[in-house]
Amino acid sequence: MDELIARALDTAVARGAQYADVRRVRQERQLVLVRNGTVESVSLEEDAGFGIRALVDGAWGFAASYKTDAAEADAVAAAAVRTARASARVHLRPVVLGEPVRSRGAYRTPVQRDPFAVPLDEQISLLLRSDEAMRRVPRVTSTTGQIVCVRDTKTFASTEGALTEQEIVQTGGGITATATGDGEVQRRSYPNSGGRNQVCEGYEFVERADLEANATRVAEEAVALLAAPQCPAGVTTLILDGSQLALQVHESCGHPIELDRVFGSEAAYAGTSFLTTDRLGAFRYGSDVVTMTADATLPGALGTFGWDDEGVPAQRIEVVKEGRFVGYLTDRENASRLGLPGSMGAARASGWNRIPLVRMTNVSLEPGTWALDALIADTDDGIYMETNRSWSIDDRRLNFQFGTEVAYEIKGGKRGGLLKNATYTGITPEFWRSCDAICDRDHWIAWGTPNCGKGQPSQVMHTGHGAAPARFRGVRVGVAR
Amino acid sequence: MIGEAALKAAADGVLRRARRAGGAGAGAEVVLVARDAALTRFAENQIHQHVGERDVDVHVRVALGKRVGGASVNGLDAAALDRVVERALTAARLQRENPDFPGFPEASPLPAAPDGAGYAAATAAATPEARADRAGIVCRRAAAAGMSSAGACSTSVREEVVANSAGTYAYQTGTTARLLTVVSGDTSSGYGDRQGPDFAALDAESVAEEAAGKAERGRDPRDLDPGVYDVVLEPYAAEDVLSFVAYLGLQGRAVLEQTSFAAGKLGQRLLSEAVTLRDDPLDPAGLVDRFDAEGVPKRPLTLVDRGVVRAVTYDRLTAARAGTQSTGHATRGASFFGPVAAHLSLEPGALTRAELIGKIDRGLLITRFWYTRPVHPLSVTVTGMTRDSTFLIERGEVTRPVKNLRFTQSYVAALGRVLGVGREAQLTDGVRTPAIALGGFTFTGKSDY
């Protein structure tokens, strides 16, 4: 075992910790950002340190430092224990972690082409060519392109005997074009909103995305939106593309199944959940066609790993089974509190200086049986929406409103004219109960959400969400321009 | 605390390494940010998370002519400084020329901050036990009312250095302390939040009383149909309106890229005459900041004067593109977010809270907005929910609590219909604002709680 880690654990125990764990993490991040024809940023970032979590008298304390010498290991361990004792001053219910976790081993994200080995010049050239193609389209007023590579190297060890080593590699990339004119601003993005999609793969992800080949189309769609009619207001049938549906799953299923927020841990910040424990196993969350999973073993997806940040092995569970709510995302403490036999392994920390919280892994809508063409042909009257533009949901995860970059009307089973400023709104279980068709595995993609926020101090987590296009009946659309 | 001497030595070391490795023509900039931060988090009337960290980030940009590369590490040891300079130089060598890159700024005199502003010894000395005791005050008040509190008490000390090869050197230190809580009952909740440089000034009793009192008054809310209502926004909600208008509209990049409502309209009255909005980084009642991430001095900037948009915020790159000067708003996230104002301050009016409410015949008193996101950038149309107690106002008086509502509203249009501005400003999420009354706010949905 790493000397620093062993020393920190020994010190924590010597100071009175009944349990302690240490994570030593090094994160490397490489970003190339092109904006309006110039390379605005090429940066190579490194962030490293270690954090100690100590349980004393049933209460938690955590301390972390960027320094990694022996004296700091002692000081940080002592600070974690002292902090835990201070917590015990305002503490009612002792933390119980359940059965010990003694995982051992190593995990590495499989990659075909190490993104850090790809010459920066190759990445810059690709983004500049894509950017140039977008800017050739008249009325495009701003453009962006980015490629992001992340490598997390982390060691976890606990006083229970766990010792895991992981190297998680992520690659992301994307382009955006914004067109302005006639008092209107419209943006199109590819392959996902927020400037990029991101996955646990190597540079092969960027090659497969083929940003350059999509650049002209993206720019032309942004311009076409300027003159497109507004999305009409009303109640209609809605078909969502996979990327928008991935965010819908994230917000309206992924967050409310986080067991810590169900118990109130996030009440002052991220909120609570309508999926209270009395609803587990019984609540009708969606229609019979709706099955959702949390799967940290999904190859290539952004929330995939070997063990979570408590050393619990990555797992796949059902969270909604044929419409019925059946499972939570858990860490050890909250799983134990609910009386579960163990955690399903969703305790994740954003870095060395943060504690693990219950976070999404890859929360996905399982594929159905439809082809998209057949689904549209089966729809008399409705709207198809694609690529997220705005998102908002209440603090119990019920009332949501989303906007998309682009929409098309559907008339008589055919995709019709372009619509702009599309929005839709609903109440989570009513919405998922109205789902009557989901496209098949050929249309299913594991999308990445690299900007999921939770916790105080804030932690930004990278999560994955598999989804294929799906149809919903009786949805309110066109809430705002 | 690392101290200025050690940080300056590290900054000098970075510039020396850059000069040695990059040659005489290489320019370099180093930004050091050191922090000791701690946070005591509570829920269900007990502490459930309690954390502390020490870190120091080193951000370096190296410029070879107009080719600029960046790198960062955390740590001040020689090997870390070697690595960060080498990587920034590698990135610069692979870069294309950025014709707009204006170079690194020469030294400028920094504004004098009011004596002692921005730093409080009590914050730097705050212990886990002291934070836990503040949390305990809130937890006991909520428990006494049969309710549940959740929240956080945080303290941090930060030191910042910006230095560059053109002669700029700037150092500042500051502290922040904050106590916030949501107190929840069976059918309602309330919010309280105080922040500032001084931990000793955090009044836990008043935070607890505000949140618990609000939750008590908000019990058993009734349904209200969505529609258009006049509103009084408490400072927590007003902050959201001001921040989005500044972020999406009153910043240089949005103007350059024509996504701002103010593009081509500087000097025009675009908001109500009651709106005078400044960015004031030297306000001793706020979180004092004397220079930006490029070492450019920060000074108070009037963005909106009685409804007329007078200025937008720039860093050096966007200023060069716009043919103007930096206003001191460079941030390390500027590549993504642009040069944004971080010390907004709305000029208070003359009205008491009761007088603001008295302006409204039938409308809503809003404690707080939640999960607000832009729907359309040009009009700063935003959607979000109300949270932590909303009340109906009838004939100038608060009459009863109502269930939460979703709004979809242009914040620019809303700030064109100001009915009144409160006289007591509060610092919330870094913005200093009083409560404001706005006409014709559009609510588009509702919840069942």
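How many of the 13 residues of strand β17 (residues 399-411) of chain A are buried? The count is 11, so β17(A) is largely enclosed by the rest of the structure. Keep in mind as we go that this is a predicted model.

Let us look at the partners of β17(A). Strand β16 (residues 381-393) of chain A runs antiparallel to β17(A), and 11 bridges join the two. To find one of these pairings, look for Ile393(A), whose bridge partner in β17(A) is Phe400(A). β17(A) and β18(A) form a hairpin with two residues between the strands, where Gly412(A) takes a positive phi near 55°.

While you are in this region, have a look at Thr387(A), which lies in strand β16 of chain A. Its phi is near 70°, a positive value in a residue other than glycine. Is Thr387(A) buried or exposed? With 20 or more other C-beta atoms within 10 Å a residue counts as buried, and Thr387(A) has 23, so Thr387(A) is buried.

Now move to another hairpin of chain A. Strand β6 (residues 163-181) and strand β7 of chain A pair in the antiparallel sense over seven bridges, and Thr178(A) stands opposite Arg187(A) in β7(A). Two residues lie between the strands of this hairpin, and Asp182(A) in the turn has a positive phi of about 55°. Six of the seven residues of β7(A) (residues 184-190) are buried, so this strand is largely enclosed by the rest of the structure. Pro191(A) belongs to the loop between β7 and β8 (197-199) of chain A. A cis peptide bond also joins Gln456(A) and Pro457(A), with omega about -5°; Pro457(A) is found in the loop between β21 (445-454) and β22 (459-467) of chain A.

Next comes an open sheet of chain A. Its four strands have the order β12-β11-β10-β15, with antiparallel pairing. The edges are formed by β12 (324-325) and β15 (363-365), each of which pairs on one side only. Strands β10 (residues 292-295) and β11 (residues 316-321) of chain A are joined by four bridges, and Asp295(A) has Arg316(A) in β11(A) as its bridge partner. Helix α6 (residues 242-254) of chain A lies across β10, β11 and β15, running at about 120° to β15(A).

Turning to chain B, find helix α1 (residues 4-22) and helix α2 (residues 78-94), whose axes come within 9 Å and cross at roughly 45°. The two helices are therefore oblique to each other, and α1(B) passes α2(B) in a right-handed crossing. Residues that make the contact include Ala10(B), Gly13(B) and Val14(B) of α1(B), and Leu81(B), Asp82(B) and Val85(B) of α2(B). By class, the residues of this contact are seven nonpolar, two polar and three charged.

Finally, how do the chains meet? In total, 71 residues of chain B are in contact with 65 residues of chain A. On the side of chain B that touches chain A, strand β2 (residues 46-64) of chain B gives the largest share, 11 residues. That side of chain B has 27 nonpolar, 31 polar and 13 charged residues. Strand pairing also links the chains: strand β2 (residues 38-56) of chain A runs parallel to strand β3 (residues 67-74) of chain B, and three bridges join them. There, Ser43(A) stands opposite Gly70(B).

Key
Residues are numbered from 1 along each chain as its sequence is written. Chains are lettered from A and ligands numbered from 1 in the order in which they are written. This is a predicted model: local features need pLDDT of at least 70, side-chain atom pairs count only at pLDDT 80 or more; totals for chains, interfaces and linings use all residues. A residue is buried if 20 or more other C-beta atoms lie within 10 Å of its own, exposed if 12 or fewer, and partly exposed in between; C-beta atoms are placed from the backbone. Two strands pair if DSSP finds at least two bridges between them. Axes are lines fitted to C-alpha atoms, for helices over the stretch in contact, and angles run from 0 to 180 degrees between N-to-C directions. Angles under 35 degrees count as roughly parallel, over 145 as roughly antiparallel, 65 to 115 as roughly perpendicular and the rest as oblique. A crossing is left-handed if the near helix is turned anticlockwise from the far one by less than a right angle, and right-handed if clockwise. Two residues are in contact if their C-beta atoms, placed from the backbone, lie within 7 Å. Ala, Val, Leu, Ile, Met, Phe, Trp, Tyr, Cys and Pro count as nonpolar, Asp, Glu, Lys and Arg as charged, and the others, Gly among them, as polar.
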